[in-house]
Amino acid sequence: MYMRAFLHVKPRRSKMAAAHRTQQERSSQTRALLLDATVDCLVELGYANTTVAEICQRAGLSRGAQQHHFTTKAELMTSALEHLFTRLADRILATELPAGPGRLERGIDLLWETYSGTMSTAAVELWVAARTDDELRRRLLPVDRALGHATLEFYRQLVGRDVDQEELETVLLLTVNLFRGLALDAMIGGDPARRAALLSEWKALVLDRRLGPPPPGPNPPPPTPASSPE
């Protein structure tokens with residue numbers, strides 16, 4: 001009797017759990033559609049021309065669905081930036097880095113790829129708007145700090161934890177601010193060759209600071225004395 005009762009109840013729980021999972025999946029999918037559409041709008045239209053109505057249209061969702069997940073435009077915008085950063089961070093962490101000096105150099109390249117492109121464009125749009133929008137600035141600050149902490153942890157994985165932490169944070173801040181400047185230069189039509197040269201120079205400086213200058217080569221052979229005329 002107890003076994004029959006158990007068998008009778010078990011399928012009901014399973015259906016409830018399945019329904020709950022399905023509801024969560026639909027909710028996650030709705031959020032992802034809204035966030036992806038928001039990023040696209042920020043990049044293509046800019047913050048000033050991005051409206052919630054346009055976001056909903058691109059996502060194929062109603063305003064009611066949007067308001068269920070995000071009550072204000074500022075919340076939607078900052079969540080979209082966080083969503084984009086998380087996606088890029090996952091891609092970076094899944095990348096296998098080489099051993100040796102090439103590991104640090106490749107890691108810097110990955111950070112540049114993250115801080116440039118779509119994320120940089122979306123972030124600049126939001127930071128410019130946040131200068132005069134208190135709610136947007138208040139919501140954006142924690143996202144920016146989280147990005148900084150995650151970048152610092154990535155740097156620790158690159159160089160190891162035996163390095164001086166104060167020095168590590170200094171190099172990180174210099175790197176991030178350089179990348180933001182280079183990304184802005186790209187947005188306003190700067191010279192790609194100049195950016196590439198500056199990035200190469202910075203990688204050389206970081207490698208030299210971390211690994212030290214390359215060892216000197218072998219001493220040149222002494223000059224051969226001139227033979228005396230006969």
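A nonpolar core is a set of buried Ala, Val, Leu, Ile, Met, Phe, Trp, Tyr and Cys residues joined through side-chain atoms within 4.5 Å. Buried means under 20% relative accessible area, exposed means over 50%, and partly exposed lies in between, with a 1.4 Å probe and protein chains only. This report applies these terms to a predicted model, in which local features need pLDDT of at least 70 and side-chain atom pairs count only at pLDDT 80 or more, while totals for chains, interfaces and linings use all residues. Residues are numbered from 1 along each chain as its sequence is written, and side-chain values use heavy atoms, with hydrogens and water left out.

**Overall architecture**

The protein has nine helices and zero strands. Helices (H or I, at least four residues) and strands (E, at least two) are DSSP runs, numbered from the N terminus. Of the 230 residues of the protein, 33% count as buried. Contact means heavy atoms within 4.5 Å. Among contacts between residues at least 6 apart in sequence, 66% join residues at least 24 apart.

The UniProt annotation "DNA-binding region", from an unreviewed entry, covers residues 51–70. Such positions are given in the numbering used here, feature names are shortened, and annotations may be inferred rather than shown by experiment. Over residues 51–70 the chain is 75% helix and 0% strand, and the end C-alpha atoms of this stretch are 14 Å apart.

**The nonpolar core**

The largest nonpolar core has 53 residues. Those with the most contacts inside this core are Leu-81, Leu-104, Met-119, Leu-126, Leu-136, Tyr-155 and Phe-179. At least two core residues come from each of helix H1 (2–45), helix H2 (52–59), helix H4 (73–93), helix H5 (101–115), helix H6 (118–130), H7, helix H8 (165–187) and helix H9 (192–211). H4 gives the most, with ten residues. In soluble globular proteins, nonpolar side chains tend to be buried together.

Leu-136 illustrates the packing. Not counting residues up to four places away in sequence, Leu-136 touches Tyr-47, Ala-74, Met-77, Thr-78, Leu-126, Ala-129 and Ala-130.

The expected span of a helix is 1.5 Å times one less than its number of residues. For the 13 residues of H6 this gives 18 Å, and the end C-alpha atoms are 18 Å apart, which agrees. The buried residues of H6 are Met-119, Ser-120, Thr-121, Ala-122, Ala-123, Leu-126, Ala-129 and Ala-130.

Helix H7 (residues 134–159) has 26 residues, which should span 38 Å; its end C-alpha atoms are 38 Å apart, in agreement. The helix bends by about 25° at Leu-140, where the bend is the angle between axes fitted to the seven residues ending there and the seven starting there. A proline, Pro-142, follows within four residues. The buried residues of H7 include Leu-136, Leu-140, Val-143, Leu-147, Phe-154, Tyr-155 and Arg-156.

At the start of H7, a side-chain oxygen of Asp-133 reaches to within 3.2 Å of the backbone nitrogen of Glu-135. After H7 comes Gly-160, whose phi is positive, near 90°.

Glu-113 and Thr-114 lie in helix H5, while Ser-116 and Gly-117 are found in the loop between H5 and H6. Their accessibility values are set out below.

| Residue | Relative accessibility | Class |
|---|---|---|
| Glu-113 | 38% | partly exposed |
| Thr-114 | 4% | buried |
| Ser-116 | 14% | buried |
| Gly-117 | 45% | partly exposed |

A polar contact is a pair of N or O atoms within 3.5 Å; within protein, one must be able to donate a hydrogen and the other to accept it, and residues adjacent in sequence count only if both atoms are side-chain atoms. The side chain of Thr-114 reaches the backbone oxygen of Leu-110 at 3.0 Å, and that of Ser-116 reaches the backbone oxygen of Trp-112 at 2.6 Å.

Leaving aside neighbours within four places in sequence, Thr-114 is in contact with Leu-88, Ile-92 and Met-119. Glu-113 is 21 residues from Ile-92 in sequence and 9.4 Å from Ile-92 in space, C-alpha to C-alpha. Gly-117 and Met-187 are 70 residues apart in sequence, yet their C-alpha atoms are 8.8 Å apart in space.
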